[in-house]
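The report below takes up a pocket, one of the residues that line it, and the aromatic pairs of a protein chain. Please keep the sequence and the model at hand while reading.

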Amino acid sequence: MKKNKYQHFEEICPDIFLHYNALSNNFLLLSKGKHSIYENSTAQELEKNDEKLFQLLVLNKFLVEDNMDETLLTLQAKEQMIQNKELYNVFINTTLDCNLNCWYCYENRIENSKLSIETIDIIKKNINRHYQSCPYKTLKVSFFGGEPFMDFNGIQTILNFAKEFCEQKDIELIADFTTNATLITKEIIDYLKQFRCHFQITLDGGRDTHNRIKKCRFGEMDTYQKAIDTLQWIDTEISKRWIAVRINFDNHTLRCIDEIIHDISFLDRTKCYVIVKKVWQLETGKVDREALMSAIQKLFDNRFLVDYYLMPKGCVCFAERKNETLFNYDGKIFKCTTISTFDDKNKLGNADMKTGEIHWDTKKMEDWYRDMQPDYCKSCHWFPVCLGICNRQIMAHPNEKICTFDACSLTQKEYLMYLFKYNQLKYEIYENQ
């Protein structure tokens, strides 16, 4: 046997070492003595001299068979995620307009844009056509924008069709929304009760900070309180729900974390998590790391699972999966929601108006899916849980070395401790489920 190549350790307190196996997402706490034995022994020596430690390392896949190719296994697992046909994820930009003005928004607003009758018809046909060619078990319809609820009629029309279609085909349906939550009413909540719903709702700090950033374009509104009220409605009224509270932070926002935690404390921890994401205008090197670590720890202390560049990802990015399509409100076809301009230059295909079939741009899609991971990614001890850089980023920055750790503002030791605490809390929350 041999030591697998994707493992890492840090001394987290005097004479205690935390070992992490990225291949199996397993942790081991070893005393200084056991750590020294492991680091200075071959697998054969361990089996002979410390049978108990040897078996523990084998069980947690720190030790693997000599013929195992860890990189190949990781690439194969990633490819299986890319090729997975059980879920069809349809993203829809219902609009590129928004009722708010947020200073960090990267998208080009198109006022009064919304789903056309023709685009809705194409989406319906595509859902049916794709099932005929690739029968899927789950349909996830993800509404994006802009602010998607500026066109609730479009949302309702598509979900009414999807519900009937999925019931006929015995398909699970998920309705997914990325929203600022300010346009969601009681009537909308009553309508959405019938669906399994996923929400991502953003808070930009405590009340004062949030309201300074998220200003309503059409009159005065306490947008912070409206978001909190909506979260309460969802948590109370929609039984089949999954809520992600996304905190877009700058250094000031991090210092408002106590107020945010207090105001979302009602959330069911088994059905929610918190995403902590730096606004892109704040340079990585200028992040207040002490405030960041403190904010994450306070969220953990209040039993919130925290997604901060979380590894393992559990899946490749939705845009990397072949069974995913993004329809812009005007019918143009894309894959990724993070582009700033949904125009002809960036589009990746065309939809057949009669059948709903997508005709992908073959040349563009070859680059989208081929293995472009640099060798420094494949040799990194985080690779099985990071899965590398998305091809769109590699193509956009061809001469740059890109790494998740370049963006997350934490040392590898700090990140390892974050990951360890996350997994401990996750086990505590779900062990009795």
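Is Tyr6 buried or exposed? Tyr6 is buried, because its relative accessible area is 0%, where buried means under 20% relative accessible area, exposed over 50% and partly exposed in between, with a 1.4 Å probe and protein chains only.

The model is a predicted one, in which local features need pLDDT of at least 70 and side-chain atom pairs count only at pLDDT 80 or more, while totals for chains, interfaces and linings use all residues. Residues are numbered from 1 along each chain as its sequence is written, and side-chain values use heavy atoms, with hydrogens and water left out.

**Relative accessibility**

| Residue | Relative accessibility | Class |
|---|---|---|
| Phe383 | 2% | buried |
| Asn323 | 5% | buried |
| Asn67 | 70% | exposed |

**Aromatic pairs**

A search of the whole structure finds 26 aromatic pairs, counted when the ring centres of Phe, Tyr or Trp (its six-membered ring) lie within 6.5 Å, with planes under 30 degrees apart called stacked, over 60 edge-to-face and the rest tilted. One of them joins Tyr6 and Phe383 in a tilted arrangement, at 6.2 Å centre to centre and 55 degrees between the planes. Tyr6 sits in the loop between β1 (2–3) and β2 (7–13), whereas Phe383 belongs to helix α15 (residues 383–386), so that the pair links parts of the chain 377 residues apart; helices (H or I, at least four residues) and strands (E, at least two) are DSSP runs numbered from the N terminus.

**The second largest pocket**

The second largest pocket holds about 330 Å³ of space. A pocket is here an open set of points on a 1 Å grid over the protein atoms alone, where a 1.4 Å probe fits and protein lies on both sides within 12 Å along at least five of seven lines, and lining residues have an atom within 4 Å of a point. The volume is the space filled by probe spheres set on the points, which are joined across faces, edges and corners. Among its 18 lining residues, the closest to the centre are His130, Ser133, Lys322, Asn323 and Trp360. The largest contribution to the lining, four residues, comes from α5.

Asn323 is placed in the loop between β14 (306–307) and β15. A polar atom of the Asn323 side chain lies 3.0 Å from the backbone oxygen of Leu87. Beyond its neighbours within four places in sequence, Asn323 has contacts (heavy atoms within 4.5 Å) with residues including Asn84, Tyr88, His130 and Cys134.

Technical notes:
A polar contact is a pair of N or O atoms within 3.5 Å; within protein, one must be able to donate a hydrogen and the other to accept it, and residues adjacent in sequence count only if both atoms are side-chain atoms.
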